[in-house]
Amino acid sequence: MNNERRRKELADFLRTRRLRLSPQELGLQVDTSRRRTPGLRREEVASLSGISLPWYTALEQGRDIQVSEQVLKSLARTLRLSQDERNHLHVLANHSAVSKGMENETLSPSLQQILDRLGTYPAYIIDKHWNVLAWNKITSSLCGDFNRMAEIERNILWRAFTMDHEKKRIVNWENVATSMLAHFRSRYAMNMNDSWYQELVCRLWDRSEEFRLWWGRHEVSGTLEGDKVVRHPEAGLLAFRYNTLPLSENSSFLMRVYTPAEPVETDRRLQKLLHESC
């Protein structure tokens with residue numbers, strides 16, 4: 001089943017990359033007035049990549065066929081894939097590609113000390129399922145007390161797409177959500193042996209119209225960083241740059257840290273929030 005799902009992911013990915021390109025971008029002379037297909041046709045991708053049309057059609061239909069490194073390079077070149085998309089293509093085409101990470105990991109107490117030392121910089125640690133495991137006080141002041149939340153409400157993707165108060169407090173919600181989803185799509189491809197990922201996708205599909213729309217675009221990203229603007233009822237607008245860092249080479253834990261865009265003013269407001277929460 002996992003291999004079948006991986007082949008479907010590969011087929012969807014190739015189709016969406018094909019449809020976003022126009023023949024003119026690749027120097028093809030075509031009569032657009034008689035053309036019904038948006039983007040490139042399958043035969044055009046096959047010809048430009050130096051492979052047969054039946055073989056490429058089988059690939060885009062999710063058939064069980066082997067893909068060589070040379071063919072992957074040709075497809076990546078024809079479809080003008082970014083480096084993140086090339087990596088994603090290789091993961092989907094390689095059944096042995098799995099996410100690194102130790103099973104039954106536990107958080108070291110020293111990691112909580114690091115979070116606490118960050119003071120007015122909001123920060124938290126997530127596991128391979130994107131559930132928040134540890135956080136500092138300023139994060140609680142901004143996001144609420146995770147200790148009182150149900151397990152699914154600690155999942156940062158679930159929070160972004162299904163919790164209305166979370167969506168309303170993020171001024172640039174669409175940019176944040178699409179960026180997060182693109183990175184999750186890359187992680188999803190590497191964790192198809194983990195049924196949790198498919199279950200979360202199904203639950204989000206049922207709950208969020210935006211998720212259904214954007215999931216179908218099959219956008220991918222190898223990084224999880226960007227800008228986030230939060231509207232807080234007491235502190236007002238707070239602009240941050242967030243970075244997500246792996247805790248070690250073999251660990252699946254990630255630490256996300258929010259750095260204030262306006263350090264002096266933002267720090268003053270967050271200090272006040274911390275003081276009021278004590």
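Hi everyone, let me open with a histidine: His218 has a relative accessibility of 1%, so this residue counts as buried (buried means under 20% relative accessible area, exposed over 50% and partly exposed in between, with a 1.4 Å probe and protein chains only). His218 is not a glycine, yet its phi is positive, at about 55°. You will find His218 in the loop between helix H12 (209-215) and strand S3 (226-232); helices are DSSP runs of H or I with at least four residues, strands are E runs of at least two, and both are numbered from the N terminus.

A word on the source: this is a predicted model, where local features need pLDDT of at least 70 and side-chain atom pairs count only at pLDDT 80 or more, while totals for chains, interfaces and linings use all residues. Residues are numbered from 1 along each chain as its sequence is written, and side-chain values use heavy atoms, with hydrogens and water left out.

Which other residue has a positive phi without being glycine? That is Arg80, with phi near 55°. Arg80 sits in the loop between H4 and helix H5 (83-93). Is Arg80 buried or partly exposed? Its relative accessible area is 47%, so Arg80 is partly exposed.

Now to a helix pair. Helix H2 (residues 42-49) and helix H3 (residues 53-60) have axes that come within 9 Å and cross at roughly 120°. Those axes are lines fitted to C-alpha atoms, for helices over the stretch in contact, and the angles run from 0 to 180 degrees between N-to-C directions. H2 brings Arg42, Glu43, Val45 and Ala46 to the contact, and H3 brings Leu53, Tyr56, Thr57 and Glu60; contact here means heavy atoms within 4.5 Å.

Staying with H2, its buried residues are Glu44, Val45, Ala46 and Ser49. Their cover includes helix H1 (2-19), H3 and helix H4 (69-78). Just after H2 comes Gly50, with a positive phi of about 75°.

Let me zoom out to finish. The protein has 13 helices and five strands, and its C-alpha trace spans about 65 × 45 × 30 Å along the principal axes. How many of the 278 residues count as buried? The figure is 47%. Among contacts with a separation of 6 or more, 58% come from residues 24 or more positions apart. The protein exposes about 14,900 Å², and carbon and sulfur atoms supply 48% of that; these areas come from the Shrake-Rupley method with a 1.4 Å probe, and for residues only the protein chains shown count as cover. Thanks, everyone!
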